[in-house]
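Please look at the sequence and the structure before reading on.

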Amino acid sequence: MENTVGFPQLNARAPEFNALTTSGQRTLDDYQGKWLILFSHPADFTPVCTTEFIGFAKHFDKFQSMNCELLGLSIDSLFSHLAWMRNIQEKFGVTIPFPIIEDIKMDVARAYGMIHPGAADTQAVRATFFIDPKGVLRAMVYYPMSNGRSIEEFVRLLEAMQTSDANSVATPEGWTPGCKVIVPPPKTAAAAEARAGEGYDTTDWYYSTKSL
């Protein structure tokens with residue numbers, strides 16, 4: 001049981017944190033009113049993580065336009081983070097515009113289920129958490145140590161969740177802005193009977209789509 005990993009729960013309050021970062025102290029409440037993508041990486045000065053940070057940096061303005069902040073984390077020290085950020089700027093010409101949490105004691109990593117003993121006892125796996133403006137955890141995505149994340153997919157997922165929230169709809173596989181969205185299915189026999197005449201693109205009573 002010592003190796004059991006605890007995970008936060010979707011649609012519940014995200015675990016609180018009060019952590020030192022490359023931009024000073026940060027808490028969950030600092031992001032109230034904004035979306036937050038909190039993501040962990042195994043270690044500084046590693047090739048896959050470097051590509052991910054460059055990817056997040058290149059999409060930073062897009063996330064900002066969507067009212068979303070970025071916050072990285074690894075179990076390395078603050079000084080390691082600062083040196084790595086400077087190295088990325090020097091060697092790749094990319095400035096890292098978001099903070100990185102120093103989590104030497106692994107407090108945040110454990111609270112968010114980022115430590116998986118089967119992968120590494122002292123490194124955070126590639127975990128990504130989407131936290132909404134009310135501090136509620138809305139999505140979690142885990143990748144293996146060997147493979148980098150798709151930042152484009154995170155942009156797409158955030159756009160999809162924001163669209164669902166704003167319009168009380170769902171989005172189909174691979175949805176991108178401009179595609180049709182899914183209308184919630186009827187919940188009564190009478191509503192199912194009436195669905196065909198409600199003006200949606202209806203394949204069957206349980207599957208209807210519309211354009212926004």
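## Terms and basis of the model

A residue counts as buried when its relative accessible area is under 20%, as exposed when that area is over 50%, and as partly exposed in between, with a 1.4 Å probe and protein chains only.

The model is predicted: local features need pLDDT of at least 70, side-chain atom pairs count only at pLDDT 80 or more, and totals for chains, interfaces and linings use all residues. Residues are numbered from 1 along each chain as its sequence is written, and side-chain values use heavy atoms, with hydrogens and water left out.

## Overall form

The protein has 212 residues, of which 45% count as buried. Its C-alpha atoms fill a box of roughly 65 × 45 × 30 Å along the principal axes. The secondary structure comprises 6 helices and 10 strands.

S40 belongs to strand β3, residues 35-40, and is buried, with a relative accessible area of 0%. Although S40 and A127 are 87 residues apart along the chain, their C-alpha atoms are separated by 5.4 Å. Q64, in helix α2 (residues 60-65), is partly exposed at 34% relative accessibility. Between Q64 and V181 there are 117 residues along the chain, and their C-alpha atoms are separated by 24 Å.

## Salt bridges

Side chains of opposite charge can pair when their charged atoms come close. The term salt bridge is used here for a side-chain nitrogen of Lys or Arg within 4 Å of a carboxyl oxygen of Asp or Glu. How many salt bridges does the structure hold? The count is 12.

One of them joins D29 to R13, with the closest N and O atoms 2.8 Å apart. D29 lies in the loop between β2 (24-27) and β3, and R13 in the segment before β1 (18-21), so this pair ties together parts that are 16 residues apart in sequence. Both partners are partly exposed: D29 has a relative accessible area of 48%, and R13 has 37%. In another salt bridge, K180 meets D201 at 3.1 Å, N to O. K180 is located in the loop between α5 (151-167) and β8 (181-183) and D201 in strand β9 (residues 201-204), so the pair ties together parts that are 21 residues apart in sequence. K180 is partly exposed at 37% relative accessibility, as is D201 at 39%. Shared partners also join R13, E16 and D29 into one network of salt bridges.

## The cavity

On a 1 Å grid over the protein atoms alone, a cavity is a set of points where a 1.4 Å probe fits but cannot get out, and its lining residues have an atom within 4 Å of a point. Grid points are joined across faces, edges and corners, and the volume is the space filled by probe spheres set on the points. By this rule there is 1 cavity of 30 Å³ or more, and the largest cavity has a volume of about 30 Å³.

Which residues line the largest cavity? They are L28, Y31, Q32, K34, L36, I131, D132, P133 and G135. By class, the lining has 5 nonpolar, 2 polar and 2 charged residues. In this classification, Ala, Val, Leu, Ile, Met, Phe, Trp, Tyr, Cys and Pro count as nonpolar, Asp, Glu, Lys and Arg as charged, and the others, Gly among them, as polar. D132 is buried, with a relative accessible area of 9%, and forms a salt bridge with R138 in which the closest N and O atoms are 3.2 Å apart.

## Backbone angles

Most residues other than glycine have a negative phi. N11, however, has a positive phi near 65°; it lies in the segment before β1 and is exposed, with a relative accessible area of 61%. S168 also has a positive phi, of about 55°. S168 is found in the loop between α5 and β8 and counts as exposed at 56% relative accessibility.

Note on methods
1 Å grid on protein atoms, 1.4 Å probe; cavity = no way out; pocket = protein on both sides within 12 Å on 5 of 7 lines; lining within 4 Å. Helix = DSSP H or I, 4+ residues; strand = E, 2+ residues; numbered from the N terminus.
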